[in-house]
Amino acid sequence: MAGAGTIFAIAFFFLVFIAALTSAISLAEVSISAAIERFKISRQKATLILGALITVLGVPSALSQGGPLSEFLIFGLPFLDFVDTLTDSYFLPIGGLIVVLLVGWGWTKRATLDEADFRNPMIATLYLILLRFIAPAMIIIILALNIFGS
């Protein structure tokens, strides 16, 4: 009976590997399609270039966690922690701010409300107030706290 656990463990981790691989392929597809359209290159060339770029950024991330690059620090952080801090504390709030400003002020009121598909005019008005004023203010506060410390 002990052999059944080993077989299930192998099958489980193989399926986790397949799930991770298919997720990675679908995530890379967005960048590959954008590269094909923007730079007018073949799918094979875009895949090779972006795969190399992902590898160049991914290997230091893996090796910085107890590996040979664990002593290599950027602003006192290992490479993976630095990238995590940069994306989590700065890129995500900046991206969110761009989205709320674009949707709240760049789109027309009608287009924004049509996309949100609100039936109740009171909720639609509240949504616009939140989108145009409250959300940008809160995101700027979050970004300022991340930059200047809390």
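Predicted model: local features only at pLDDT ≥ 70, side-chain atom pairs only at ≥ 80, totals over all residues.
Reader: Where should I start with helix α3?

Author: Start with its extent and its bend. Helix α3 covers residues 79-106. A kink of about 35° lies at F91, shortly before the proline P93.

Reader: Which residues of α3 are buried?

Author: The buried residues are F79, F82, S89, P93, L97, V100, V103 and G104.

Reader: What covers the buried residues of α3?

Author: The cover includes two strands, β1 (73-74) and β2 (77-78). It also includes the helices α2 (43-63), α4 (109-116) and α5 (121-148).

Reader: Why does S89 count as buried?

Author: Compare its accessibility with the cut-off. Buried means under 20% relative accessible area. S89 has 15%, so S89 is buried.

Reader: What does S89 touch, not counting residues up to four places away in sequence?

Author: S89 touches D84, L143 and N146. L143 is one of the buried residues of α5.

Reader: How do I read the length of α5?

Author: Set its reach against the expected span. α5 has 28 residues. From first C-alpha to last, α5 reaches 39 Å, close to the 40 Å expected at 1.5 Å a residue.

Reader: Where does α5 bend?

Author: The bend is at L130, by about 40°.

Reader: Which residues of α5 are buried, and what do they pack against?

Author: A124, L128, L131, P136, I139 and L143 are buried. The buried residues of α5 pack against α3 and α4.

Reader: How do I read a pair of aromatic rings?

Author: Such a pair is described by the distance of the centres and the angle of the planes. This structure holds 4 aromatic pairs. In one, F75 and F82 have ring centres 5.9 Å apart and planes at 35°, so the pair is tilted.

Reader: Which residue lies over the face of W105?

Author: R132 lies there, at 4.8 Å from the ring centre.

Notes: Residues numbered from 1 in each chain as written. Heavy atoms only, no water. Phe/Tyr/Trp six-rings, centres within 6.5 Å; stacked < 30°, edge-to-face > 60°. Lys NZ or Arg CZ within 6 Å of the ring centre and 35° of its normal. Bend = angle between axes of the 7 residues up to and from the residue. Helix = DSSP H or I, 4+ residues; strand = E, 2+ residues; numbered from the N terminus. Buried < 20%, exposed > 50% of the residue type's maximum accessible area, 1.4 Å probe, protein only. Contact = heavy atoms within 4.5 Å. Expected span 1.5 Å × (residues − 1).
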